[in-house]
Amino acid sequence: MILKAMENLHIIKGLYAVTPEQTDLFLLISQVESCIKGGARLIQYRCKKLSKIEQSKQARKIKIVCDYYKVPLIINDDIELCRILDADGVHLGENDDSLEKARLVLGPSKIIGVSCYNSIDRVKKAVDKGATYIALGACFPTITKPNAPTASLDLIALVLKEFKIPVVAIGGITLENVEFLTKEGVSCIALINSLFKENDIEGTARQFSSLMKNEEL
């Protein structure tokens, strides 16, 4: 699935599901499908613990599901895996390959997201270098990255006001605190544990999607 560059700006909205560390491929595929059925607008494949071979195997299967439902698949960190799978884009962190390299390898139509944590300087650089979206967070305490820098609501509001780029809020977001982000104007939230640790993933995704609905209009 190849998306035109301008269309990408309108895709970064709503619920963005980021996969957990899951060795059970059958379960992972089922969980991803539940997220999509519940309204997830984007899926990010993120895995730090498995071998490259196992990561490739998982990502290929997830791409089949995403293609079926016409939901973009973003690959965390791995530009080459994104290229090989012809996934919709890549998400880059502070210690990953550069945005320039990602754009050179993947071409102009792919989504490139950049983690900016709580750094205005990183936001400026990402915008200047043509990122499709930036991610801010952790917005709240998170067990995924307990030592992650905190992006305050004031900082998020400032970025939304000063920069014309889609903003993804991530980190510790729950049904109880997501409203603080939507009130600031955040239109896209990325979730891991608040989705994948729930018994009813589809129902939880539907709840989050409903709360984000006004931001998607």
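Strands E6 and E7 pair in the parallel sense over three bridges; two strands count as paired when DSSP finds at least two bridges between them. Strands here (E, at least two residues) and helices (H or I, at least four) are DSSP runs, numbered from the N terminus. Leu-136 has Ala-169 as its bridge partner in E7. This is a predicted model, where local features need pLDDT of at least 70 and side-chain atom pairs count only at pLDDT 80 or more, while totals for chains, interfaces and linings use all residues. Residues are numbered from 1 along each chain as its sequence is written, and side-chain values use heavy atoms, with hydrogens and water left out.

Zoom out, and E6 and E7 belong to a closed barrel of eight strands, E1-E2-E3-E4-E5-E6-E7-E8, with parallel pairing. The twist averages 25° from one strand to the next; axes are lines fitted to C-alpha atoms, for helices over the stretch in contact, and angles run from 0 to 180 degrees between N-to-C directions. Helix H7 (residues 153-162) lies across E6 and E7, at about 165° to E6.

Ile-170 sits in strand E7 (residues 167-170). Leaving aside neighbours within four places in sequence, Ile-170 is in contact with Leu-136, Gly-137, Ala-138, Cys-139 and Ala-190, where contact means heavy atoms within 4.5 Å. Ile-170 is partly exposed, at 29% relative accessibility; the cut-offs are under 20% relative accessible area for buried, over 50% for exposed and in between for partly exposed (1.4 Å probe, protein chains only).

Now for the rings. They pair if the centres of Phe, Tyr or Trp rings (for Trp, the six-membered one) lie within 6.5 Å; planes under 30 degrees apart are stacked, over 60 edge-to-face, and the rest tilted. That rule gives two aromatic pairs:

| Pair | Centre to centre | Angle between planes | Type |
|---|---|---|---|
| Tyr-16 and Tyr-133 | 5.9 Å | 75° | edge-to-face |
| Tyr-68 and Tyr-69 | 4.9 Å | 85° | edge-to-face |

Tyr-16 is in strand E1 (residues 14-18) and Tyr-133 in strand E6 (residues 133-136), so this pair ties together parts 117 residues apart in sequence. Both Tyr-16 and Tyr-133 are buried. By contrast, Tyr-68 is exposed at 62% relative accessible area, and Tyr-69 is partly exposed at 28%.

Helix H3 covers residues 52-69. Its buried residues, including Ile-62, Val-65 and Cys-66, pack against helix H2 (25-37), strand E2 (42-45), strand E3 (73-76) and helix H4 (79-85). Just after H3, Lys-70 takes a positive phi of about 60°.

Note on methods. Expected span 1.5 Å × (residues − 1).
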